[in-house]
Amino acid sequence: MKAIVVQSLGGPQNLALVDLPAPSAGAGQVLIAVEAAGVGLVDVLLRQGAIPGSSAPGFVPGIEVAGTVITVGEGVDRSWLERRVFTMVTGGGYAERVAAEASHLVPLPPTMKAVDAVALGVNALVAEFILRRARVKAGERVLVRGASGGIGVMATQLAARCGAVVAAATSSVARGQRLLQLGASQVLDRAATSAGETPEGFDVILDPVAGPDTASFLGKLKQNGRMVVCGAAGGFPPPDFGMGALRAFKKSLTFAFFSLDSIATTERAAALKEIFDSAASGELKPVIDEILALESASAAHAKLEAGGVFGKLVLVPSAFRRTPRPDVPAAKLAGAPAGGGERLPVS
Ligand SMILES: NC(=O)c1ccc[n+]([C@@H]2O[C@H](COP(=O)([O-])OP(=O)(O)OC[C@H]3O[C@@H](n4cnc5c(N)ncnc54)[C@H](OP(=O)(O)O)[C@@H]3O)[C@@H](O)[C@H]2O)c1
């Protein structure tokens, strides 16, 4: 199979397309013909070796895929065969084939494109769980930082769907216009917001960015306000970032970090099924910045690192861009995208 490997830790140019033996489905696993693989900042950090415990060079990145089950391992119900699914994996997603735990699979609704499933996938799950952690309620004022990123576009939509009044922070006027179309009530300039020019008064701050300004954002919370940090697109917060909140003790602020790793697989699958159903019924939009060929993984990483991406970058193996492969059921391939994915109008 064709796969992307990280040849050495470092820049995006270290990603290379190689031929590898396809993995096999072990006990409790399935083998998936990958139709779409999501590209996220986690992949970038792993490629750089910036996450403690990162793999040694030579690994295949990619933690979320959608595709068709083509083999089942020992102990796996054969009814999974030929079903189109989404799953998170611990790596190996940037490839034509990936082995995955059968217990982690989430079936795709019949009309859902694989590229849309990965555009929702991890990002919508994180967004859903940070909203739950923050107990967002109708009428509350919610600030979404990094609102045009993969997690941010989902958090913006889900918070608006809860009836919250959403302020979306971005560095781009054009992306701000698109966020208004996704349900934001107000767009805030990212630099002005970080510089403290935004008035205080948020009930909730949903934050995939963190970085040196984390403390000033905590200071923008109202009495009983809640802030959930789920990522560090802007870097880690300084060690004393909580001191202001401590001094404002009488405001009873709540601060939390959130990682999807803390959520049980069954709970993730249940939440994702609801997310897919919402997307299938048109209530939630998968937002795809660009669909690239699998062999363009290094360009995808370079683009993500350069900033300016709106929503998700998705990789598609060549079998799903041109001619169907003989070992993938034709009926399943018929529904596969040739570069689909709903796009919002660019203002
Ligand atoms: N908690 C979890 O389980 C989990 C799961 C997956 C990913 N993550 C993490 O979540 C974070 C965000 O991921 P993502 O996929 O949403 O990233 P992304 O698509 O790159 O989006 C981040 C957005 O934040 C804005 N931004 C970037 N640098 C910034 C800065 N210094 N200050 C303010 N805004 C900045 C940019 O938007 P503008 O240019 O428009 O402002 C950018 O689009 C990453 O750290 C990722 O590792 C966490």
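A polar contact is a pair of N or O atoms within 3.5 Å; within protein, one atom must be able to donate a hydrogen and the other to accept it, and residues adjacent in sequence count only if both atoms are side-chain atoms. The model is predicted: local features need pLDDT of at least 70, side-chain atom pairs count only at pLDDT 80 or more, and totals for chains, interfaces and linings use all residues. Residues are numbered from 1 along each chain as its sequence is written, and side-chain values use heavy atoms, with hydrogens and water left out.

View 1. An oxygen atom of the ligand lies 2.7 Å from a polar backbone atom of Leu260. For Arg175, a polar side-chain atom is 3.1 Å from a ligand oxygen atom. A backbone N or O atom of Ala233 is 3.5 Å from an oxygen atom of the ligand. The ligand taken alone exposes 930 Å², and the protein buries 84% of that (Shrake-Rupley method, 1.4 Å probe).

**View 2. Residues around the ligand.** Of the 25 residues around the ligand (a heavy atom within 4 Å), those that come nearest are Ser148, Thr170, Ser171, Cys230 and Leu260.

**View 3. The two domains.** Domain 1 (2–107 + 286–334) and domain 2 (126–261) come from an automatic or database assignment. Their C-alpha centres are 30 Å apart. Eight residues of domain 1 and 12 residues of domain 2 form the contact (heavy atoms within 4.5 Å).

**View 4. Area buried between the domains.** About 730 Å² is buried between domain 1 and domain 2, with carbon and sulfur atoms giving 73%; this is accessible area (1.4 Å probe) lost on putting the two parts together, summed over both. In domain 1, Val287, Phe310 and Gly311 lose the most area to domain 2, together 62% of what that side buries.
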